[in-house]
Amino acid sequence: MTASTANITQEYGPFFGNDAVHGVSFSGKDVWFAGSNGLNRMDPDTGTVTQHVAVPAHAGTAFDGTHLYQLSDTLIQKIDPATGAVLSTIPAPGKGNDSGMAWAEGSLWIGQYRDCTIYQVDPATGEVLRTIQSDRFVTGVTWVGEELWHGTWQDEQSDLRQIDPATGAVLQRLDMPPGTGISGLESDGADRFFCGGGGSGKVRVVKRP
């Protein structure tokens, strides 16, 4: 396992009307983040919020290329980003204790905070297909190609870590500066991680090594 200090290259926010940033996702062009006022679309070139969807958005966010998925208490909402309509819901595996969420390989990947667990979930039924154990509280979750990364936030310390999807072993770790938490996580598929900053109300960009 290799460890280094996270390289924060950019910060967005705080955003008007949002006391906190929870889940974060990326559409290929825009960043979507779950804030205290619902879902928000942000232009990463300018940091400007260009769309707001008034749905409960208490934790992780994911995008499958067409639809958004948003954790809300004990449910996962499937949302049409064009209209903001909730098209369907499935049960969340953590029954309200879920944290981050990502889309990869036709599945939702959902973190459960205090159980230090990541679930692979069928997006149509909510069935748990696979369980991966970590050794710290899990916040955001993302895949970059074949790399599985998740955020942690425990004992006032946060880091980004790549783990072996088969064993949960930590392969590399990026330590965030003291007082800088990670509440949500998404990759742009290349060299940027978008990280929700919890109660700071910010979204931060960390360079992927």
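Biologist: Which residue does the side chain of R208 meet in a salt bridge?

Modeller: The side chain of R208 meets that of E147, with N and O 3.2 Å apart. A salt bridge here is a side-chain nitrogen of Lys or Arg within 4 Å of a carboxyl oxygen of Asp or Glu. Please note that this is a predicted model, in which local features need pLDDT of at least 70, side-chain atom pairs count only at pLDDT 80 or more, and totals for chains, interfaces and linings use all residues. Residues are numbered from 1 along each chain as its sequence is written, and side-chain values use heavy atoms, with hydrogens and water left out.

Biologist: Where do R208 and E147 lie?

Modeller: R208 is in the segment after β21 and E147 is in strand β16 (residues 147-154), so their pair ties together parts 61 residues apart in sequence. Helices (H or I, at least four residues) and strands (E, at least two) are DSSP runs, numbered from the N terminus.

Biologist: Is E147 buried, exposed or partly exposed?

Modeller: E147 has a relative accessible area of 22%, so it is partly exposed. Buried means under 20% relative accessible area, exposed means over 50%, and partly exposed is in between, using a 1.4 Å probe and protein chains only.

Biologist: How many salt bridges are there by this rule?

Modeller: The count comes to 10. One of them joins E11 to K202, whose closest N and O atoms are 3.0 Å apart. This pair links distant parts of the chain, since E11 is in strand β2 and K202 is in the loop between β20 and β21 (203-207), 191 residues apart. E11 is partly exposed at 41% relative accessible area, and K202 is partly exposed at 22%.

Biologist: And D159, which residue does its side chain meet?

Modeller: D159 forms a salt bridge with R161, at 2.9 Å from N to O. D159 and R161 are buried. Salt bridges with shared partners join D135, R136, D159 and R161 into one network.

Biologist: Let us turn to aromatic rings. How many aromatic pairs are there?

Modeller: There are six aromatic pairs. Rings of Phe, Tyr and Trp (its six-membered ring) pair if their centres lie within 6.5 Å; planes under 30 degrees apart count as stacked, over 60 as edge-to-face and the rest as tilted. One of the pairs is F26 with F194: the centres are 5.4 Å apart and the planes are at 25 degrees, so this pair is stacked.

Biologist: Why does that pair tie together separate parts of the sequence?

Modeller: F26 is in strand β3 (residues 21-26) and F194 is in strand β20 (residues 192-196), so the parts tied together are 168 residues apart in sequence. F26 counts as buried at 12% relative accessibility, and F194 is buried at 0%.

Biologist: Now the strands. How many residues of β12 are buried?

Modeller: Six of the six residues of strand β12 (residues 107-112) are buried.

Biologist: Which strands are joined to β12 by five bridges?

Modeller: Five bridges join β11 to β12, running antiparallel, and five join β12 to strand β13 (residues 117-121), also antiparallel. Two strands pair if DSSP finds at least two bridges between them. Q112 of β12 is the bridge partner of D98, and the bridge partner of Q112 in β13 is T117.

Biologist: What lies in the turns of those hairpins?

Modeller: The hairpin of β11 and β12 has two residues between the strands, and E105 in that turn has a positive phi of about 55 degrees. The hairpin of β12 and β13 has four residues between the strands, with C116 in the turn at a positive phi of about 55 degrees. Most residues other than glycine have a negative phi, and most peptide bonds are trans.

Biologist: Is the peptide bond from G13 to P14 cis or trans?

Modeller: That bond, from G13 to P14, is cis, with omega near 5 degrees. P14 is in the loop between β2 (8-12) and β3.
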